[in-house]
Amino acid sequence: MASSIRVRAIQNGDVTDVQTLIQHPMDTGLIKDAKGELIPAHFIQQLTFEHNGKTVFLADWGTAVSKDPYVKFAFKGGAKGDDLKVSWVDNKGATDSLTAKIQ
Amino acid sequence: MRIHPALSFLAAVLALVAPAVAAPAAEKPDPAADAKAFQDFFRKKFPQVKFEDFVNGPYSMNEDMRKQWEEKEQFPPYEFALEAGKEMFEKPFKNGKTYADCFANGGIGIRQTYPYFDDKEGKVVTLELALNRCREANGEAPYSYVKDEMAALTAYMAYTSRGKPFDIKIPDDPRALEAYERGKEYFYTRRGQLNFSCASCHVQNPGERIRAEILAPALGILNAMPIYRSEWSGMGTISRRFTTCNSQIRGVPLEPQSEEYRDLEYYLSYVSNGLPISGPGARP
């Protein structure tokens, strides 16, 4: 199974630009399926980006975030070749993570 | 007895009209001339848009949307479907064969030749139809035509054909010409409670807003298929685009891959001949 995370981190001067795409249904729990039954809520609760072991971005999410979410941010202190670890945990306890190198 | 002046006037008018009626009833359809006229219409209507750019739909018409899209394309939302499509395409069926066995050149770089007219069957065959026929011939259940697996497979096949110009052929066969003509008729016929034809939006009003959306030009509209639509939160095929267009004008959609839709796809692809495949695409 391929990773649910796509990440690209590019060093621009002293700033690292990070773009991420995560595959997740992000069900709100308010939508019914074809049979008329509620689809239970299923969403990412916490998304973390760690640069060399130090958290640089932490998001507490709820159901208001879209399906297959896209996140873009920038931080200072990164350098080319450093590790950037992305991980998420959802409300069902499922998790995934990926470590990318800053380019 | 004198003839009433109004009657003699009517007789004179009839005499004038008669020769026009006597002219050849229906001209032989000329798809090549149609395609040229169709493409010239869009070039003239949008002189600032580069010809190849028409495949980018609403982004060729609106600067703000274009900027957002260019940023999105660095990380396109169809990426997951593309990867799934590649995996599915390469995975053998239960009998050991693969999709590659059903298509010319192993299915790589051939999107621009679909739909084609099958002279044995006497009907138009689209890529989506060919994929499901391939599955059935190998003992697999067919996929839904509108999304998910079908969209992922066609996304991968379009991706391997990116940049290749649409190359739809109409063989010298009266049945092929008829299919083309029926597709054309479908395209220009008004239907649904809103009484819209395909052309009402995509020929008369591309670049204009319909509620929050910017309408795409009909020229090149299929080159970007399948698409990830943010509104759908997912991928959709040409079948999905046709059926939702029909329901949005409050008409009753036909069955996906019905003969009418296949003829429509044949017509619409043919008049975009020469424009490069850009699928899979991303649309708002």
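Mentor: Welcome! One definition to start: helices (H or I, at least four residues) and strands (E, at least two) are DSSP runs, numbered from the N terminus. Residues are numbered from 1 along each chain as its sequence is written, while chains are lettered from A and ligands numbered from 1 in the order in which they are written. This is a predicted model, where local features need pLDDT of at least 70 and side-chain atom pairs count only at pLDDT 80 or more, while totals for chains, interfaces and linings use all residues.

Trainee: How many helices and how many strands does chain A have?

Mentor: Follow chain A from the N terminus, and its elements run β-β-β-β-β-β-β. The count for chain A is therefore zero helices and seven strands, with elements taken as DSSP runs.

Trainee: Which strands of chain A form the open sheet with antiparallel pairing, and in what order?

Mentor: Two strands pair if DSSP finds at least two bridges between them. Strand 1 and strand 2 of chain A pair in the antiparallel sense over eight bridges, and seven bridges join strand 2 of chain A to strand 5 of chain A, also antiparallel. Strand 1 and strand 5 (70–76) of chain A are the edge strands, each pairing on one side only. The order in this open sheet of three strands of chain A is 1-2-5.

Trainee: Which residue is the bridge partner of Val7(A) in strand 2 of chain A?

Mentor: Strand 1 and strand 2 of chain A form a hairpin with two residues between the strands, where Gly13(A) takes a positive phi near 65°. Across the pairing, the partner of Val7(A) in strand 2 of chain A is Thr20(A).

Trainee: How many residues of chain A are in contact with chain B, and with how many residues there?

Mentor: Two residues are in contact if their C-beta atoms, placed from the backbone, lie within 7 Å. Nine residues of chain A are in contact with residues of chain B, and those of chain B number seven.

Trainee: What classes of residue make up the side of chain A that touches chain B?

Mentor: Strand 1 (5–12) and strand 2 (15–22) of chain A each supply at least two residues of that side. Ala, Val, Leu, Ile, Met, Phe, Trp, Tyr, Cys and Pro count as nonpolar, Asp, Glu, Lys and Arg as charged, and the others, Gly among them, as polar. By class, the side of chain A that touches chain B has three nonpolar, two polar and four charged residues.

Trainee: Where in chain B does pLDDT stay under 50?

Mentor: pLDDT is the predictor's confidence in each residue, from 0 to 100. Chain B averages 90, and 91% of its residues score at least 70. The stretch of chain B with pLDDT under 50 has zero contacts beyond four places in sequence, and it covers residues 17–23.

Trainee: Are helix 7 and helix 10 of chain B roughly parallel or roughly perpendicular?

Mentor: Axes are lines fitted to C-alpha atoms, for helices over the stretch in contact, and angles run from 0 to 180 degrees between N-to-C directions. Angles under 35 degrees count as roughly parallel, over 145 as roughly antiparallel, 65 to 115 as roughly perpendicular and the rest as oblique. The axes of helix 7 (residues 174–188) and helix 10 (residues 259–270) of chain B come within 7 Å and cross at roughly 90°. The two helices of chain B are therefore roughly perpendicular.

Trainee: How many nonpolar, polar and charged residues are in the contact of helix 7 of chain B with helix 10 of chain B?

Mentor: Among the residues making this contact are Ala179(B) and Tyr180(B) of helix 7 of chain B, and Leu264(B) and Tyr267(B) of helix 10 of chain B. By class, the contact has nine nonpolar, one polar and four charged residues.

Trainee: Is Met65(B) buried or partly exposed?

Mentor: A residue is buried if 20 or more other C-beta atoms lie within 10 Å of its own, exposed if 12 or fewer, and partly exposed in between; C-beta atoms are placed from the backbone. Met65(B) lies in helix 3 (residues 63–73) of chain B. Leaving aside neighbours within four places in sequence, Met65(B) is in contact with Pro58(B), Tyr59(B) and Ile214(B). With 18 C-beta neighbours inside 10 Å, Met65(B) counts as partly exposed.
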